Each structure stands twice: as C-alpha cells, then as structure tokens.
Amino acid sequence: LIINFPASYQGLAQSIMIDNQDTANSVTVRINRGINTINIGANDFRALNDAWIEQLNLTGASTDTQVTAQVATLTSIMPGAYSGVTN
C-alpha cells in the first residue's frame with residue numbers, strides 16, 4: 001500500500017500513528033521514499049510526531065494495519081503559494 005498525502009489529502013502528514021493489528025505478521029514502513037525502513041512487529045505500533053511526511057509505503061505480510069494521520073493542508077503550510085495570481 002502506498003499513501004501519498006498530497007495526492008490523496010492535498011496536504012502533508014504532520015503526525016502519524018501506524019498500528020499493526022495483525023496478530024502474526026509484521027509490516028515494513030518506508031517514509032518519503034527514503035532508503036531506511038521501520039519494521040513494526042505483530043500487535044505493535046509506532047507514532048511519529050512533528051514530522052512532515054509526504055508518502056508512506058507499507059509492505060509485508062500484515063493484513064490488518066491502520067494508519068491514522070494529522071494532515072496539514074498545503075494552503076496552511078504555504079498560504080501565499082496557493083492563493084492565486086494577483087496584480
């Protein structure tokens with residue numbers, strides 16, 4: 001599963017919680033297309049706060065992973081960039 005926050009929610013995730021509710025399998029998370037990954041074991045979770053996250057890639061055998069995110073809209077992050085053209 002790939003979650004791209006700008007494409008899906010017109011914003012960036014400010015804080016996220018990834019809750020692997022699968023009782024037997026882990027999930028691997030890659031953040032912002034980086035090379036480092038986080039492995040979340042069965043019945044475990046990770047929370048990331050005060051981080052600007054554009055994309056999450058979730059892979060692995062887990063079939064029950066819940067992602068909860070606080071999303072800041074692009075207009076609130078860069079108010080002048082999306083207000084239109086003025087003369």
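Three strands form an open sheet, in the order β5-β2-β7, with antiparallel pairing. Strands here are DSSP runs of E with at least two residues, helices are runs of H or I with at least four, and both are numbered from the N terminus. Two strands count as paired if DSSP finds at least two bridges between them. Strands of a sheet pair through backbone hydrogen bonds, either parallel or antiparallel.

Now look at the edges of this sheet. β5 (44-48) and β7 (65-73) stand there, each with a single partner strand, so one side of each has no neighbour in the sheet. On average, neighbouring strands of the sheet are turned by 15° against each other, direction ignored. For such angles, axes are lines fitted to C-alpha atoms (for helices, over the stretch in contact), and the angles run from 0 to 180 degrees between N-to-C directions.

A word on the model itself. It is predicted, so local features need pLDDT of at least 70 and side-chain atom pairs count only at pLDDT 80 or more, while totals for chains, interfaces and linings use all residues. Residues are numbered from 1 along each chain as its sequence is written, and side-chain values use heavy atoms, with hydrogens and water left out.

Go back to β2, residues 11-20. Nine bridges join β2 to β7, and the two run antiparallel. Find Gly11: its bridge partner in β7 is Thr73.

Next comes β3, residues 27-31. This strand pairs with β4 (residues 37-40) in the antiparallel sense, over four bridges. Val27 stands opposite Ile40 in β4. Five residues lie between the strands of this hairpin, and Asn32 takes a positive phi near 55° there. β3 also pairs with β6 (residues 55-59), again antiparallel and over four bridges. Here Ile31 has Leu56 of β6 as its bridge partner.

Which side chains carry opposite charges and meet? The whole structure holds two salt bridges. A salt bridge is a side-chain nitrogen of Lys or Arg within 4 Å of a carboxyl oxygen of Asp or Glu. One joins Glu54 to Arg33, with the closest N and O atoms 3.2 Å apart. This pair links distant parts of the chain: Glu54 sits in the loop between β5 and β6, Arg33 in the loop between β3 and β4, and they are 21 residues apart. The other joins Asp44 to Arg46, with the closest N and O atoms 3.1 Å apart.

How open are these residues? Buried means under 20% relative accessible area, exposed means over 50%, and partly exposed lies in between (1.4 Å probe, protein chains only). Glu54 is partly exposed at 28%, and Arg33 is partly exposed at 46%. Asp44, at 27%, counts as partly exposed. Arg46 does too, at 34%.

Gln55 lies in strand β6. Its relative accessible area is 8%, so Gln55 is buried. Its side chain makes a polar contact with the side chain of Asn4 (2.9 Å) and with that of Arg33 (3.3 Å). A polar contact is a pair of N or O atoms within 3.5 Å; within protein, one must be able to donate a hydrogen and the other to accept it, and residues adjacent in sequence count only if both atoms are side-chain atoms. Contact in general means heavy atoms within 4.5 Å. Leaving aside neighbours within four places in sequence, Gln55 contacts residues including Ile2, Phe5, Arg30 and Ile31.

Finally, step back. The protein has two helices and seven strands, running β-α-β-β-β-β-β-β-α from the N terminus. Of its 87 residues, 25% count as buried.
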